[in-house]
Structures are given as structure tokens and as C-alpha cells.
Amino acid sequence: MANKIAFIGLGNMGAPMAANLIKAGYALTVFDLVEQAMAEAVALGAERAESAAAAAEHADIVISMLPAGKHVATLYQGENGLLNAVAAGTLLVDCSTIDAETARQVAAAAGERGLSMLDAPVSGGVNGAKAGGLTFMVGGEAEAVEQARPLFDVMGKTYFHAGPAGAGQVAKMCNNMLLGILMTGTSEAINLAVANGLDPSVVSDIMKNASGGNWALNVYNPYPGVMDNAPASNGYKPGFGVDLMLKDLGLAMDSSLKKGVATPLGSMARNLYSVHSQSGHGGDDFSSILNLLKGYTDG
Ligand code: NAD
């Protein structure tokens, strides 16, 4: 067991991932810009650091879980960046969902310093993170993947080695484009059923067991009251923010432009999430797209 882990970024996802590592017996030193987030991790047994660099200086493995590429580039390469702060041999694992280009660029800079770095974005949502049921999509060298595997086993149910640096991010980008489309389509279908007098739970159950079945229906129903532990039943909080989904759909659209690949449904989903965000819902869970489609009558 690698003993010392520095965990940077204790948000909706990072906090439960860190909690599972602590429960499994790992010694964690944590850092987040939000004091309350650190206090909660410390209450579970983590050590608090004054900065990301201080958290990482004695670590065997650094795990980061930040919002976007600019945060990750700054964390590793900015002033007091971790690439200069960590000891030789430290493994770097970034679990944030970011653009593949930044992931490759930071991994290459790490490589120039003799450090191994993995991009290891996750899927499974906040409940998946709490339950240790995430899926990791990993890019990097096989040896480094093997070294990180015990941690993936604690925080997740499965992992895939997608290819070299950046490949995990490409897989995640494609998955989340599909998720944005699926969540929008699922919301559209339930709204139509409800407008026709069907009970949202009944129609969800039917579609789950018919050819429209999908992840949103199985574990993340967007209609309030259908699923007790889904964000929709909790005022669309917490969960996976609209602005984070918008970021991911933007990554997919950038890539589709660069590669000349047609992604009309991804483009439509990005536009809908953009309007939803601009209507003041950027901080709500992404399943709240149902309310945009309904016309915000009661949401
Ligand atoms: P979040 O906004 O809840 O958490 C991000 C955390 O990072 C915050 O606590 C913030 O204070 C901290 N932070 C930002 N900059 C920092 C810095 N320089 N140093 C230290 N801490 C810093 O976001 P989240 O929902 O936990 O998502 C994190 C990443 O995981 C994103 O890339 C997101 O796209 C991805 N993701 C989220 C979900 C989900 O369901 N929420 C699922 C899969 C993947």
C-alpha cells in the first residue's frame, strides 16, 4: 500500500473519494480552497495542509479533482506548482474532467521532470463516488496505471486503460456528450408522458424496462419524486452541476470541430445547457434540464 496520498480538491466528487481512501486506511493530506471542505475531511481523519504544494511534498501519490483544465494546469505548473514541489518518484493522478490537450501537456511536463502522470477522469456521479462505485477512464503508461490500481479499486468498481496520456479524457468527453444527450432526451420523454396524464414513476419504470432504458432512468431520474436519492428529489442539489456539463459538452464540440466529426445532437445538447445556465441554473444539477424543457413552470 502506497502510504501517503495528497488529495487536492474536495468538492462534490473529491470529498467522498477522499473519504473512501481514508476508510480504507490510507493516510491523506488534503487541500482545498474552501476551508469547510478541508474541515470535513479532517473530521474523518485527514491531515490539513496550508497549500497544495505543502500537501504534496511528502506524498507517494497525488490525486487532484478540480473543475477544469485551467485549474489543473495552474495546480501542477503555476506558481508553487506541484511539478516542482513533489519528490522524485511521486505518482500524479488527475481525476478531473478536462480537455485532453491540457492533460497531455501537463503529463509531458511531468515526464520532463521524471514524474509519471495519469489522466483518470471518472463516471458514476456523487452517489457513485460515495459508494466507491466509480468507473475510471485512464490515460498514461501501463506501469503507472498498475501502480494506481489499488486506489482505483477503493474509489471505484472498475477502471479502463484507454491508451496513452489524454486517452482517458477523450473517453470521458465522449461519454459525457452521450450523457448530456441522454439526460435531455430522457427529460423530454418523461415531460411528454406527464403532459399526457401518465405518472412519471410509472412511465419511467416502463421505459427502464423497454428499449428506451438508460443510465438516467436507472439511477438518476430527472423528474422530482421518482427516485429518492436522485438530485431531482432534492431540489436538484448537490450533484453534477449544469456548468460542469456545459464545460464537458464544450470540450466535445471543440474536438468535433478540430476533427471534422458531425455531432449534431451533442451540439443541440450544448445549446440547451447553455440557455439553462444563462437562465440562472448553472449551479443546479444537470438533470434540471427537465425544467428548461418544461418551461420552468414549477422549477
Ligand atoms: P466541485 O466544483 O464540487 O469541486 C471542485 C473543488 O475544487 C471545489 O471544492 C473547489 O474549492 C476546489 N478547487 C478549485 N480550485 C482549486 C485549487 N486550485 N486548489 C484546491 N482546490 C481547488 O466539482 P465536482 O463536482 O467535485 O467535479 C470535479 C471534477 O469532476 C470536474 O472536472 C467534473 O467535471 C468532474 N466530474 C464530476 C461529477 C459529478 O457528478 N459532480 C462526475 C464525474 C466527473
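Helices α9 and α10 are oblique to each other, since their axes meet at an angle of about 130°. The model is predicted. Its chain is assigned two domains, domain 1 (4–164) and domain 2 (170–294).

**Domains and their contact**

- The centres of domain 1 and domain 2, taken over C-alpha atoms, are separated by 27 Å.
- Domain 1 contributes 13 residues to the contact between the domains, and domain 2 contributes 14 residues.
- On the side of domain 1 that touches domain 2, helix α7 (residues 125–130) supplies the largest share, namely three residues.
- That side of domain 1 is made up of seven nonpolar, five polar and one charged residues.

**Annotated spans**

- According to an unreviewed UniProt entry, residues 4–163 carry the annotation "domain: 6-phosphogluconate dehydrogenase NADP-binding".

**Packing of α9 with α10**

- Helix α10 comprises residues 200–208, and the axes of α9 and α10 are 9 Å apart.
- The crossing of this pair is right-handed.
- From α9, the contact involves Ala189, Ile190, Ala193 and Val194; from α10, the residues are Pro200, Val203, Ser204 and Met207.
- By class, the contact of α9 with α10 has seven nonpolar residues, one polar residue and no charged residues.

**Packing of α9 with α13**

- Helix α9 (residues 167–195) packs against helix α13 (residues 264–281) at an angle of about 70°, and 9 Å lies between the axes.
- At this angle, α9 and α13 are therefore roughly perpendicular to each other.
- The crossing of α9 and α13 is left-handed.
- Met177, Gly180, Ile181 and Thr184 form the α9 side of the contact, while Leu265, Gly266, Ala269, Leu272 and Tyr273 form the α13 side.
- Six nonpolar and three polar residues make up the contact of α9 with α13, with no charged residues.

**Packing of α12 with α13**

- Helix α12 (residues 242–259) and α13 pack at an angle of about 145°, and their axes are 9 Å apart.
- The crossing of α12 and α13 is left-handed.
- The residues of α12 in the contact are Val242, Asp243, Met245, Leu246, Leu249, Gly250, Ala252, Met253 and Ser256.
- On α13, the contact uses Gly266, Ser267, Ala269, Arg270, Tyr273, Ser274, His276, Ser277 and His281.
- These residues divide into eight nonpolar, eight polar and two charged.
- Gly266, Ala269 and Tyr273 of α13 take part in the contact with α9 and also in the contact with α12.

Definitions and conventions. Residues are numbered from 1 along each chain as its sequence is written. This is a predicted model: local features need pLDDT of at least 70, side-chain atom pairs count only at pLDDT 80 or more; totals for chains, interfaces and linings use all residues. Domain bounds come from an automatic or database domain assignment. Two residues are in contact if their C-beta atoms, placed from the backbone, lie within 7 Å. Helices (H or I, at least four residues) and strands (E, at least two) are DSSP runs, numbered from the N terminus. Ala, Val, Leu, Ile, Met, Phe, Trp, Tyr, Cys and Pro count as nonpolar, Asp, Glu, Lys and Arg as charged, and the others, Gly among them, as polar. Axes are lines fitted to C-alpha atoms, for helices over the stretch in contact, and angles run from 0 to 180 degrees between N-to-C directions. Angles under 35 degrees count as roughly parallel, over 145 as roughly antiparallel, 65 to 115 as roughly perpendicular and the rest as oblique. A crossing is left-handed if the near helix is turned anticlockwise from the far one by less than a right angle, and right-handed if clockwise. UniProt positions are given in the numbering used here, feature names are shortened, and annotations may be inferred rather than shown by experiment.
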